[in-house]
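Reader: I am new to this structure and would like to understand the words used for it. Could you take me through a few of them?

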Amino acid sequence: MRNFDFRFPIFHFTYLFVVCFPIVSVFAQVQKPEPVFGFYQGGFYMTVIGGETAYTGGSLIQREKDYQSGLRSQANLGVLPVKMLGTLPFPQSFPLPSDKVQAGNTRKVAMEYGITDHIGLFISYSTLSIESQGTNQLAVIDRANPNGYTTYIEAVPLSNTLYKDRNYGMGINYHFLSKNRFDPFIGLEVSILNFDTKYRTGQLNNLYYPTYTHPGTGLGGRVAFGTNYYITPEFGFSIEVYGARKMLKSNAFSSESINHAGFQFGFIFNMEAIGKY
């Protein structure tokens, strides 16, 4: 019976293991990209942030404050009766509850692409919502009145959405550091928007009555300074301080404005790194 010689296959196996395996391992290590943190050319980033405004102003907000002031003046002078829940009389000597325009709520999603190691272009979608609370002028049916109704000032504070918008923006960010966990930046943005707002018009003793929700469009500008901090190449935290101004127009008015500023906090995702690693 013929005997097989195992020395040749064993020699080849030993050669492949000792010589070729390290070469393959080194080649594999060379092909694997090194993780890169922070902002860089070719990076594609998604930011999701939100917060409350620290300041809210502009002519539209001032009009709401003037409206509340006018109601107080009419109540103090006895021009209009003051009632609670539309039925109970409210003593004229009692002060009306304090009125206020509450802090606005902001939300923003942005997609940014690094055209250089320091400059990024982005598009964004954001919202702003402002609530107001205070006294209001209402009406009840009154057959004895020639108008068919009687107006009164409601003493119980009423809450409503004074203003709400949807912004579609684009802009540019300058990143002071590149390929760094700590990523400070400054940005400029312009946007078009559509909105809905409460807007009151009328005569002196029927101040800004009735109240309707009016839709409209506008233009906005925004400047922001902030920083991103990357926990991993793919994920990090984002915080910014910003100021914005919006010029508004609707069928109820030709020109009004909203100004707001505040802080926003959220998360940033490097989509390019997620796909690479």
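Reader: Which residues does K108 touch, not counting residues up to four places away in sequence?

Author: Happy to start there, with a reminder that this is a predicted model. K108 touches T47, V48, I49, F122, S124, Y125, S126, E189, R222 and Q264. K108 itself belongs to strand β5 (residues 105–114).

Reader: Why is K108 called buried?

Author: Buried means under 20% relative accessible area. K108 has 9% relative accessibility, so K108 counts as buried.

Reader: Why is the aromatic pair of Y45 and Y230 called edge-to-face?

Author: Ring centres must lie within 6.5 Å to pair, and planes over 60 degrees apart count as edge-to-face. For Y45 and Y230 the values are 6.5 Å centre to centre and 65° between the planes, so the name follows from the rule. This pair links distant parts of the chain, with Y45 in strand β1 (residues 44–57) and Y230 in strand β9 (residues 211–230), 185 residues apart. Both tyrosines, Y45 and Y230, are buried.

Reader: What makes R181 a charge over the ring of F37?

Author: One part of the test is a distance within 6 Å of the ring centre. The charged end of R181 is 3.9 Å from the centre of the F37 ring, and sits over that ring.

Reader: Which residues make up the largest nonpolar core?

Author: There are twelve in all: L60, I61, L128, I130, L162, Y163, L193, F195, Y199, L248, F253 and I258. At least two residues each come from α2 (59–77), β6 (119–141), β7 (149–175) and β8 (182–200). The most come from β8, which gives three residues. Another core lies apart from this one, with nine residues, among them Y67, L71, L96 and I153.

Methods
Residues are numbered from 1 along each chain as its sequence is written. This is a predicted model: local features need pLDDT of at least 70, side-chain atom pairs count only at pLDDT 80 or more; totals for chains, interfaces and linings use all residues. Side-chain values use heavy atoms; hydrogens and water are left out. A nonpolar core is a set of buried Ala, Val, Leu, Ile, Met, Phe, Trp, Tyr and Cys residues joined through side-chain atoms within 4.5 Å. Buried means under 20% relative accessible area, exposed over 50%, partly exposed in between (1.4 Å probe, protein chains only). Helices (H or I, at least four residues) and strands (E, at least two) are DSSP runs, numbered from the N terminus. Rings of Phe, Tyr and Trp (its six-membered ring) pair if their centres lie within 6.5 Å; planes under 30 degrees apart count as stacked, over 60 as edge-to-face and the rest as tilted. A charge sits over a ring if NZ of Lys or CZ of Arg is within 6 Å of the ring centre and within 35 degrees of the ring normal. Contact means heavy atoms within 4.5 Å.
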